[in-house]
Amino acid sequence: MVDVVTPEVRSRIMSGIRGRDTKPEVSLRRALHARGFRFRLHVKKLAGKPDLVFPKWRSVLFVNGCFWHRHEGCSKASTPSTNTRYWSEKFAGNVARDRRNVEGLLAEGWRVGIVWECRIGKKPDPALVDEVANFLRDRNRIRAEWP
């Protein structure tokens with residue numbers, strides 16, 4: 001199906017979609033910082049430029065948007081009804097890239113956590129922040145996910 005807007009308009013629309021400093025990411029950062037965790041943001045040298053990098057703990061966190069990263073079973077991971085072929089290819093590429101990034105980080109000795117946007121909501125609940133903090137402190141856990 002042909003796009004219903006001009007390329008310039010589509011570019012303007014897509015430029016408004018943020019890949020970093022999203023509301024869920026910022027709210028989780030604030031909660032972890034308040035608990036004493038210090039981190040780096042979007043380190044370019046690491047696969048996938050993780051949202052939060054904790055060098056002291058040799059851990060990274062990704063705050064994944066449910067729509068773009070295809071959170072299974074989540075209502076926010078809907079597929080647009082138009083141009084479905086494009087979107088299915090786009091989403092499949094995103095998921096494959098995410099998998100490669102996680103595998104690359106694990107191979108480099110990093111511990112990887114993934115927090116989904118829907119789990120954070122407007123403000124992360126203290127139980128979620130506790131779980132993430134426990135993951136960061138527990139050096140035996142290599143991978144964690146909070147769906």
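In the protein chain, residues 24 or more positions apart account for 58% of the contacts with a separation of 6 or more, a contact being heavy atoms within 4.5 Å. The model is predicted, so local features need pLDDT of at least 70 and side-chain atom pairs count only at pLDDT 80 or more, whereas totals for chains, interfaces and linings use all residues. Residues are numbered from 1 along each chain as its sequence is written, and side-chain values use heavy atoms, with hydrogens and water left out.

**Overall architecture**

- The protein chain has six helices and five strands; these are DSSP runs numbered from the N terminus, with helices (H or I) of at least four residues and strands (E) of at least two.
- Read from the N terminus, the order of the elements is α-α-β-β-β-α-α-β-α-α-β.
- Along the principal axes, the C-alpha atoms fill a box of roughly 50 × 30 × 30 Å.

**Burial, surface and charge**

- Of the 147 residues in the protein chain, 37% are buried; buried means under 20% relative accessible area, exposed over 50%, and partly exposed in between (1.4 Å probe, protein chains only).
- The accessible surface comes to about 9,100 Å², and 53% of it belongs to carbon and sulfur atoms; such areas come from the Shrake-Rupley method with a 1.4 Å probe, and for residues only the protein chains shown count as cover.
- The chain carries 30 positive and 16 negative charges, whose mean positions are 6 Å apart.
- Lys and Arg count as positive and Asp and Glu as negative, without His and the chain ends; each charge is placed at NZ of Lys, CZ of Arg, CG of Asp or CD of Glu.

**Surface patches**

- Patches consist of residues with over 30% relative accessible area and no salt bridge, joining like charges within 9 Å and nonpolar side chains (Val, Leu, Ile, Met, Phe, Trp, Tyr) within 5 Å.
- A salt bridge is a side-chain nitrogen of Lys or Arg within 4 Å of a carboxyl oxygen of Asp or Glu.
- Ile13, Met14 and Ile17 form a nonpolar surface patch with about 230 Å² of accessible area together.
- Met14 belongs to helix H1 (residues 7-15) and is partly exposed, because its relative accessible area is 34%.
- A patch of positive charge on the surface brings together Arg18, Lys23, Lys76 and Lys122.

**The loop between H3 and H4**

- Lys76 lies in the loop between H3 and H4 and counts as partly exposed, at 43% relative accessibility.
- Glu72 is found in the loop between helix H3 (66-69) and helix H4 (84-107); Glu72 counts as exposed because its relative accessibility is 75%.
- Although Glu72 and Pro147 are 75 residues apart in sequence, their C-alpha atoms are 8.9 Å apart in space.
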